[in-house]
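Dear colleague,

A short account of the findings follows it.

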Amino acid sequence: MSPLVALQIFPEPIGRPGITSLSRRSGLRLRPNKKVIPKMRPIALALAATMLSSAAFAQTAPTPAQAPVFVSVNEASALTSSLKGLNVKNAGDENVGEIEDVVIAGNSLASYILSVGGFLGMGTHYVAVSPNALAITWNATDKKWNARINATKDQLKAAPQFKYEGRFAK
């Protein structure tokens, strides 16, 4: 590794030969500045240490042994980005909650996290429901997704709470 070198530009009278053809044309000459080097060393060392240590902290998922299989996404499929924030209604057409998140375990859909109650994030109760508990459909007329559940808001509030903590912390 080569030592750090800081260069400072000094004006040079025209006619006096410079270090490079660029300096001959511009009348400037590059000379090492030894005052700057001691100030730059700690910064460069800290930057190098940060870059090297961050790679040690990063954990990566194992690479699958099989080559990827490319699939087509049909019109009946829903994207999670389209479902997040979707209002969930019951049989009485009452709004009982909202899809807050989607849980994937392994390679399959494990559950939906619904937010129930609360106002502007205060007093919100989160519950995890089975994918079979929700009926999610596309309304071609309105061009909107709809979600239905066979439960009342009180039943959802009484359900075991899901907490965003540990590895699920936001």
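Which pattern does the chain follow when read along the sequence? The order is β-α-β-α-α-β-β-β-β-β-β-α, and the secondary structure amounts to 4 helices and 8 strands. Please note that this is a predicted model.

As regards the chain as a whole, 20% of its 170 residues count as buried. The chain exposes about 13,400 Å², of which carbon and sulfur atoms supply 59%. Among contacts in the chain with a separation of 6 or more, 40% are made by residues 24 or more positions apart.

The largest nonpolar core has 16 residues, and Val88, Ile99, Leu114, Leu134 and Ile149 touch the most other members. Two or more residues of this core come from each of E4, strand E5 (108-116), strand E6 (125-129) and strand E8 (144-149). In soluble globular proteins, nonpolar side chains tend to be buried together.

Leaving aside residues up to four places away in sequence, Leu114 touches Val88, Glu98, Ile99, Glu100, His125, Tyr126, Val127, Val129, Leu134 and Ile149.

One of these contacts of Leu114, Glu100, lies in strand E4 (residues 95-105). Is Glu100 buried or exposed? Glu100 counts as buried because its relative accessibility is 13%, and the cut-off for buried is under 20%. With residues up to four places away in sequence again set aside, Glu100 touches Lys84, Ile113, Leu114, Ser115, Tyr126, Tyr164 and Lys170.

Yours sincerely

Key: Residues numbered from 1 in each chain as written. Predicted model: local features only at pLDDT ≥ 70, side-chain atom pairs only at ≥ 80, totals over all residues. Heavy atoms only, no water. Buried < 20%, exposed > 50% of the residue type's maximum accessible area, 1.4 Å probe, protein only. Contact = heavy atoms within 4.5 Å. Areas by Shrake-Rupley, 256 points an atom, 1.4 Å probe, with all protein chains shown as cover. Core = buried A, V, L, I, M, F, W, Y, C linked by side-chain atoms within 4.5 Å.
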